Amino acid sequence: GVPKAGPRQERALLILRENRELVRVGIRGQAARFGRRRGYLVQIASRHKVWYCWSSMRPKDPFIGRDLLGGQFRVLEKIGTGGMGSVYKAEQPAMNRMVAIKILHPKLAGRKDLTARFRREARAMSQLTHPNTVKVFMYGELEDDGSLYIVMEMLEGRNLNQTVRKEGPLSVERAIPILIQCCGALQEAHDLGIVHRDLKPENIFLSKQGGMSDYPKVLDFGLAKVTERQMQPGSVILTQEGMVFGTPEFMSPEQAQGKTLDARSDIYSLAVILYEVLTGKLPFSARTPMEYIQKHVTDPIIPLSDRVPERKFDRGLDEVLARALQKQPDNRFQTAGEFGEALRPFGGPAAKALPPVGPRAPSLSGELKVASQRTPSIRAGGGPSAKLLVLVAAACLFAGVLIAVLVMQVLAH
């Protein structure tokens, strides 16, 4: 900001933020004060002079411009960073495509428990095939420094949080089709025993595919269980009955209490996301992360229609969200597919055109079982039915009994 000053006296204070730390630079001979010297070149101009305040230049990222995995990938630029690592845009020349590579901090490589859990989770993610789940191509550990990595599809667009911040709350007809597709992605994951544990708007990415906009991709399945710090500021870690992570604003009550989680925890978090997308606000009024945690456990939600009185919502949608946000998991929708189908009537033509959300398609063994159950009906056109055979057998039995009685009477005479 520039404080008020006389016409011949110019003073300014430049405040820069990096990693949640303030960097202050004084002007007009004032001593410069740096919270941390992080490689800034600051140019400050006044009417008479220009000052340059230096700190040491930021070292180049060691991964940018580097070939990974024997030249399979070449890292081009960093597109995101967080406490657990960074995400890079890279090219894969052999496939003529761009990919995203998430590289975790090498410090995690020394933790055998975290490494083992990461491998299990990455293996599970690579098994997910739903079109609304981000595709994982490969994963492993870099040979030179032991950094863990995941190679994923490159997405173009914005996450749901960025979309709402830029455009404001979404209409019901736009938001619900997005959430229904996310339910489909979660249903597949839950069928495989994978619970996301850290659903939030930042982990739902709206991409463009095949000429379709608002095509959601669910990101980061299971990664919360292996990271020591969350990517988003404000996240906290709870350690009870194992390692449980999450973002307070979107935690289920059982997650906030550190209990064992199942698929119904994800359903609660997804309902909070829908609530915020529709209203621009959360279901509770709170100021701190701990207040949000407490309210998730103890307080009833503010009804959707009461949160933004200027917007009119169908009463049925209010009831669906109220059920999905029940404190007790047994009182919620029991599957993501059930939640998605409950939302469908309120999403307009786009929601009705989406495929059904439900359990995964039957396995090969299931198909064989169904085929064997249908065998009698398949044979019906070429031979007698079972009902006819029973009738014939009964008639033969009756005739046999009748003949036996007649023979006994003849012999008696």
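Predicted model: local features only at pLDDT ≥ 70, side-chain atom pairs only at ≥ 80, totals over all residues.
Me: Where do I start? How many helices and strands does the chain have?

Reply: The chain has 13 helices and 16 strands. Of its 413 residues, 43% count as buried.

Me: What share of the contacts between residues at least 6 apart in sequence joins residues at least 24 apart?

Reply: That share is 52% in this chain.

Me: Now helix packing. What describes two packed helices?

Reply: Two numbers do: the angle between the axes and the distance between them. Take H5, residues 263–279, and H9, residues 336–343. Their axes come within 10 Å and cross at roughly 30°. Angles under 35 degrees count as roughly parallel, so H5 is roughly parallel to H9.

Me: What is the hand of the crossing of H5 and H9?

Reply: The crossing of H5 and H9 is right-handed. On the H5 side, the contact is made by Ile 267, Leu 270, Ala 271 and Leu 274. H9 supplies Ala 336, Phe 339 and Leu 343. Sorted by type, the residues of this contact are seven nonpolar, no polar and no charged.

Me: Next, H5 and H8. At what angle do they pack, and how far apart are their axes?

Reply: H8 covers residues 315–324. It packs with H5 at an angle of about 140°, with the axes 8 Å apart. Roughly antiparallel needs an angle over 145 degrees, and roughly perpendicular covers 65 to 115. H5 and H8 are therefore oblique to each other.

Me: Is the crossing of H5 and H8 left-handed or right-handed?

Reply: H5 passes H8 in a left-handed crossing. From H5, the residues are Ile 267, Tyr 268, Ala 271, Leu 274, Tyr 275 and Leu 278. They meet Leu 317, Leu 321 and Ala 324 in H8. The contact of H5 with H8 divides into nine nonpolar residues, no polar and no charged.

Me: Which residues of H8 and H9 meet?

Reply: Leu 317, Val 320, Arg 323 and Ala 324 in H8 meet Glu 338, Phe 339, Ala 342 and Leu 343 in H9. This contact divides into six nonpolar, no polar and two charged residues.

Me: On to aromatic rings. How many aromatic pairs does a search of the whole structure find?

Reply: The search finds two aromatic pairs. One of them is formed by Phe 63 and Tyr 88. Read the centre distance and the plane angle: here 5.7 Å and 55°. The pair is tilted.

Me: Where in the chain do Phe 63 and Tyr 88 sit?

Reply: Phe 63 is in the loop between strand S5 (50–54) and strand S6 (67–68). Tyr 88 is in strand S8, residues 85–92.

Me: What about backbone angles? Which phi value does Leu 69 have?

Reply: Phi of Leu 69 is near 55°, a positive value in a residue other than glycine. Leu 69 lies in the loop between S6 and strand S7 (73–82). At 26% relative accessibility, Leu 69 counts as partly exposed.

Me: And Asn 96: what is its phi?

Reply: Asn 96 has a positive phi of about 55°, although it is not a glycine. Asn 96 is found in the loop between S8 and S9. Its relative accessible area is 73%, so Asn 96 is exposed.

Me: Last one. Where is Arg 97, and what does it touch?

Reply: Arg 97 is in strand S9, residues 97–104. Leaving out residues up to four places away in sequence, Arg 97 touches Ala 90, Glu 91, Gln 92 and Phe 137. Arg 97 and Glu 153 are 56 residues apart in sequence, with 9.1 Å from C-alpha to C-alpha. Arg 97 counts as partly exposed, at 29% relative accessibility.

Conventions:
Residues numbered from 1 in each chain as written. Heavy atoms only, no water. Axes fitted to C-alpha atoms, helices over the stretch in contact; angles between N-to-C directions. Helix = DSSP H or I, 4+ residues; strand = E, 2+ residues; numbered from the N terminus. Left-handed = near helix turned anticlockwise from the far one by under 90°. Contact = heavy atoms within 4.5 Å. Nonpolar A, V, L, I, M, F, W, Y, C, P; charged D, E, K, R; others polar. Phe/Tyr/Trp six-rings, centres within 6.5 Å; stacked < 30°, edge-to-face > 60°. Buried < 20%, exposed > 50% of the residue type's maximum accessible area, 1.4 Å probe, protein only.
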